[in-house]
Amino acid sequence: MEISRDRYLNQIISYMWDGQVKVITGIRRCGKSYLLFELFRKHLLSQGVPADHIITIALDLAKDIQYRSPLVMAQYVRSQVEQSDDQFYLFVDEIQMSDEVSNPYNADGKKITFYDALNDLKSMRNLDVYVIGSNSKMLSNDILTEFRGRSDEIHVHPLSFAEYYSVVGGDKQDAFDNFAFFGGMPLVLSRPNDEAKMKYLKDLFTEVYIKDIVERKKNKARRCTVGYFRLALFLYRFFNQPHQSCKYSKHEAKTNQ
């Protein structure tokens, strides 16, 4: 199942080789990794870019854990690129998982972060850099502040109805009713039934978004967590109540049992 995300893909393409770090942001599970590692990679391959000229690093995977050190990552990428005149592309996923490390030349100095590594790598004329970041540790304002005009931000949202319908097809009104109820998170499309979709969305909300809010505001976590949760639950029920569809009533009945 391929989901067309031409709006964001064309935005990335328009920024190619502009000397900036391309930073793809957005809420968790909205399709950022799919956009870069699947759709944009497919575009590059279709344009004749050799697969081994696309360097991919996923910092949430054990196989790439050594690259959480910004110094190790920068050294590795340079070893792949600097001895060649060819053009290379670097994709880094979950960049916010990068560690801060001590300066080997000044142990008491400022720690080295992924911002330092990316600024170093973007100086290479034959390397185009793309990174993905999301959650409490890396928000859009953080990126803009740290890079100060040295990055392009592509902010990705969940699926629009047009994107959603391009996958599900069928009766447009039925499709819209489902979209309005379940929303546009891409993985909802892979769930086999309504109950599985509801469970996925509930888990996403409680296990991901609430935790990110708490992590971001950890100094106030104990007193704000319940408040955030109650507010979100109130808004969810408030905006869904006017519809009172049969589907909604069934889900509410199951939830309240």
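Predicted model: local features only at pLDDT ≥ 70, side-chain atom pairs only at ≥ 80, totals over all residues.
**Salt bridges**

I started with charge pairs and got eight salt bridges, taking a salt bridge as a side-chain nitrogen of Lys or Arg within 4 Å of a carboxyl oxygen of Asp or Glu. Residues are numbered from 1 along each chain as its sequence is written, and side-chain values use heavy atoms, with hydrogens and water left out.

- Lys22 pairs with Asp18 at 3.1 Å, N to O. Lys22 is buried at 0% relative accessible area, whereas Asp18 is partly exposed at 35%.
- Lys63 pairs with Asp64 at 3.0 Å, N to O. Here Lys63 is exposed at 55% and Asp64 is buried at 5%.
- Arg78 pairs with Glu82, with 3.2 Å between the closest N and O atoms. Arg78 is partly exposed at 23%, and Glu82 is partly exposed at 43%.

I also found that salt bridges with shared partners join Asp18, Lys22 and Asp128 into one network.

**Nonpolar cores**

Next I looked for nonpolar cores, meaning sets of buried Ala, Val, Leu, Ile, Met, Phe, Trp, Tyr and Cys residues joined through side-chain atoms within 4.5 Å. The largest one has 25 residues, and Ile24, Leu35, Leu36, Phe40 and Phe91 have the most contacts inside it. Elements giving two or more residues to this core are helix H1 (6-14), H2, strand S3 (88-93), strand S4 (127-132), helix H7 (172-182) and helix H8 (194-216). I take helices (H or I, at least four residues) and strands (E, at least two) as DSSP runs, numbered from the N terminus. H2 supplies the largest share of the core, six residues.

I then checked contacts of Leu35, with contact meaning heavy atoms within 4.5 Å. Neighbours within four places in sequence aside, Leu35 touches Arg5, Tyr8, Leu9, Ile12, Ile24, Phe40 and Val156.

Phe37 sits in helix H2 (residues 32-46). Not counting residues up to four places away in sequence, Phe37 touches Thr56, Ile57, Phe91, Asp93 and Ile132. I also got a C-alpha separation of 9.8 Å between Phe37 and Ile54, which are 17 residues apart along the chain.

His53 is in the loop between H2 and strand S2 (54-58), and I have His53 as buried at 12%.

**Second largest pocket**

Last, I went to the second largest pocket, which holds about 370 Å³. A pocket is an open set of points on a 1 Å grid over the protein atoms alone, where a 1.4 Å probe fits, with protein on both sides within 12 Å along at least five of seven lines; lining residues have an atom within 4 Å of a point. Points are joined across faces, edges and corners, and the volume is the space filled by probe spheres set on them.

I get 17 lining residues, with Arg29, Gly31, Lys32, Ser33 and Tyr34 closest to the centre. H2 gives the most to this lining, three residues. By class I have seven nonpolar, four polar and six charged residues; Ala, Val, Leu, Ile, Met, Phe, Trp, Tyr, Cys and Pro count as nonpolar, Asp, Glu, Lys and Arg as charged, and the others, Gly among them, as polar.

Notes
Buried < 20%, exposed > 50% of the residue type's maximum accessible area, 1.4 Å probe, protein only.
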